[in-house]
Amino acid sequence: GGTVIGSARCKAFTTRAGRLRAARNLVEHSITNLCVIGGDGSLTGADIFRSEWAGLLEELVRDGQISEEVAKKNCRLNIVGLVGSIDNDFCGTDMTIGTDSALHRIMEVIDAITTTAQSHQRTFVLEVMGRHCGYLALVSGLASGADWLFIPESPPEDGWEDLMCERLGE
């Protein structure tokens, strides 16, 4: 799991100073096209970066870090955003990048746990990723025949603990 290129969230980019440094790095390498693959944080950061681009270039010129000519040459930043999130919670997409591979990995783990649970006559609890979206839990729970499932979209009713203990007792 994870990203092939080793990228991750960057705290510095959440600050104007961090975005200014990123702008300078892009300008130094004449990069004016970005493809951002990520979730809410990455795409929000890309949108902020896009909206600040002209101001970042002005600041770099004012601070003497780049010339007006270089700023003019790099005045346009093109960004394409692709939703890369295992949560599968982006409206208008059938399945976001990462969801299918995450589901495949979950099902592999469930298959391995199921045989262990059956041979030892034990109950196992499995937690899957999915911040505010229960898609992975719901689909893997349905596919594996889970006895109990919790998802954020449908919180359990009062007294669920007693119902679950009764079911486990059976």
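A salt bridge here is a side-chain nitrogen of Lys or Arg within 4 Å of a carboxyl oxygen of Asp or Glu. Side chains of opposite charge can pair up when their charged atoms come close. Keep in mind that this is a predicted model, where local features need pLDDT of at least 70, side-chain atom pairs count only at pLDDT 80 or more, and totals for chains, interfaces and linings use all residues. Residues are numbered from 1 along each chain as its sequence is written, and side-chain values use heavy atoms, with hydrogens and water left out.

Arg-19 pairs with Glu-52, and their closest N and O atoms are 2.6 Å apart. Arg-19 sits in helix α1 (residues 16–28) and Glu-52 in helix α2 (residues 40–62), so the pair ties together parts that are 33 residues apart in sequence. Both Arg-19 and Glu-52 are buried (buried means under 20% relative accessible area, exposed over 50%, partly exposed in between, with a 1.4 Å probe and protein chains only).

The structure holds eight salt bridges. Another one joins Arg-24 to Glu-28, with the closest N and O atoms 3.1 Å apart. These two are four residues apart in helix α1, which means about one helical turn separates Arg-24 from Glu-28. Arg-24 is partly exposed at 24% relative accessibility, and Glu-28 is partly exposed too, at 45%.

Now zoom out. The protein has six helices and two strands (DSSP runs numbered from the N terminus: helices are H or I with at least four residues, strands are E with at least two). From the N terminus on, they run α-β-α-α-β-α-α-α. The radius of gyration is 23 Å, well over the 15 Å that the globule rule gives for 170 residues, so the protein is more spread out than a compact globule. That radius is taken over C-alpha atoms, and the rule is 2.2 Å times the number of residues to the power 0.38. Of the 170 residues, 25% count as buried.

You'll find Gly-134 in the loop between α4 (99–120) and α5 (135–144).

Finally, look at strand β2 (residues 78–83), which holds Leu-82. Leu-82 is partly exposed, at 34% relative accessible area. Over in helix α6 (residues 160–169) is Glu-161, partly exposed at 40% relative accessibility.
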